[in-house]
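Dear colleague,

Please find the structure below, handed over for your records. My findings follow directly after it.

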Amino acid sequence: MLFRSDLSPRRPPIWGSRSGLAAIAVVVVIAIVAVGFTLSRHLDAGHPATGHSAAGAPATSPRTSPSPSPSRASSSPPSLGAQQAAALDTLLISSSTARTALHRAVKQVAACTNLVGAVSDLQNVVNQRASEVGRAAALPVSALPDGADVKSALINALKLSLKADQDYLTWARQQRASGCTPSGQSSTYNAAFSASQRANTAKTAFVNAWNPVADRYGLARESPSDM
């Protein structure tokens, strides 16, 4: 005895028809596109932009000047205020380089390693800071908002930084001459540290005056740990 289902003609499987294969191909393409879009969103979310180091932390690498955007590069020549702000920013990059060299040398002296090289590096930092003080005094700031106050705060911060650098150099020379003790602290070191704290206070006053100007001209904001 035959059942009704046995009498009905059998349809060819979907895998064997052109229309079925085309439908499956469309579904596969849609799935691939969806997976690729999802992965792209996850990769973008996993790489947030980084910024300057937190205020008060040692600078790990010198700051560099940001590259101008294509639109800015093709625009009209910068205004006098923009030129003066850029010149001041260039000086701040030099200060950042000195800060990085200072921290590296102080760490070496504290660990009693590479004392000759560390003393030489600290002497270079002192020379560079002295040059920066002179360059800051010669900066034209007439077109900058509150330019006179910004310049005065910068010179004060650099002078106090120079005093701290000189004290660290004196301490390093004593460590090299008298026999170094790792992590040893002396009155000379304490004087250098105190001078560094005063310099940090002056740097904070400067960046508070400078950052609004930097924002206005599209330059990098500063922090005391950058100088």
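Glu132 is buried, with a relative accessible area of 0%; buried means under 20% relative accessible area, exposed over 50%, and partly exposed in between, with a 1.4 Å probe and protein chains only. The model is a predicted one, in which local features need pLDDT of at least 70 and side-chain atom pairs count only at pLDDT 80 or more, while totals for chains, interfaces and linings use all residues. Residues are numbered from 1 along each chain as its sequence is written, and side-chain values use heavy atoms, with hydrogens and water left out.

Salt bridges

Glu132 meets Arg129 in a salt bridge, at 3.7 Å from N to O; a salt bridge here is a side-chain nitrogen of Lys or Arg within 4 Å of a carboxyl oxygen of Asp or Glu. Both residues lie in helix α5, 3 residues apart, which is about one turn of the helix. Helices (H or I, at least four residues) and strands (E, at least two) are DSSP runs, numbered from the N terminus. Arg129 counts as buried, at 1% relative accessibility.

Arg129 also forms a salt bridge with Asp165, where the closest N and O atoms are 2.8 Å apart. This pair links distant parts of the chain, with Asp165 in helix α6 and Arg129 in helix α5, 36 residues apart. Asp165 is buried, as is Arg129.

A further salt bridge joins Asp167 and Lys163, again with a closest N to O distance of 2.8 Å. These two are 4 residues apart in helix α6, and so are separated by about one helical turn. Asp167 counts as buried at 13% relative accessibility, whereas Lys163, at 39%, counts as partly exposed. Through shared partners, salt bridges join Arg129, Glu132 and Asp165 into one network. The count for the structure comes to 4 salt bridges.

Disulfide

The structure holds 1 disulfide, a disulfide being a pair of cysteine sulfur atoms within 2.5 Å. Cys112 and Cys180 form it, with their sulfur atoms 1.9 Å apart. The link of Cys112 and Cys180 is left-handed, with -80° about the S-S bond. Cys112 lies in the loop between α4 and α5 and Cys180 in the loop between α6 and α7, so the pair ties together parts that are 68 residues apart in sequence. Cys112 is partly exposed at 23% relative accessibility, and Cys180 is partly exposed with a relative accessible area of 23%.

Nonpolar core

The largest nonpolar core has 43 residues, and those with the most contacts inside it are Leu88, Leu154, Phe206, Trp210 and Met227. Helices α4 (80-110), α5 (115-137), α6 (147-178) and α7 (187-216) each supply at least two residues of this core, and α6 gives the most, with 11 residues. Such a core is a set of buried Ala, Val, Leu, Ile, Met, Phe, Trp, Tyr and Cys residues joined through side-chain atoms within 4.5 Å. Not counting residues up to four places away in sequence, Met227 touches residues including Leu92, Arg129, Leu154, Phe206 and Glu222; contact means heavy atoms within 4.5 Å.

Overall picture

The secondary structure of the protein chain comes to 7 helices and 0 strands. Buried residues make up 34% of its 227 residues. Among contacts between residues at least 6 apart in sequence, 77% join residues at least 24 apart.

With kind regards
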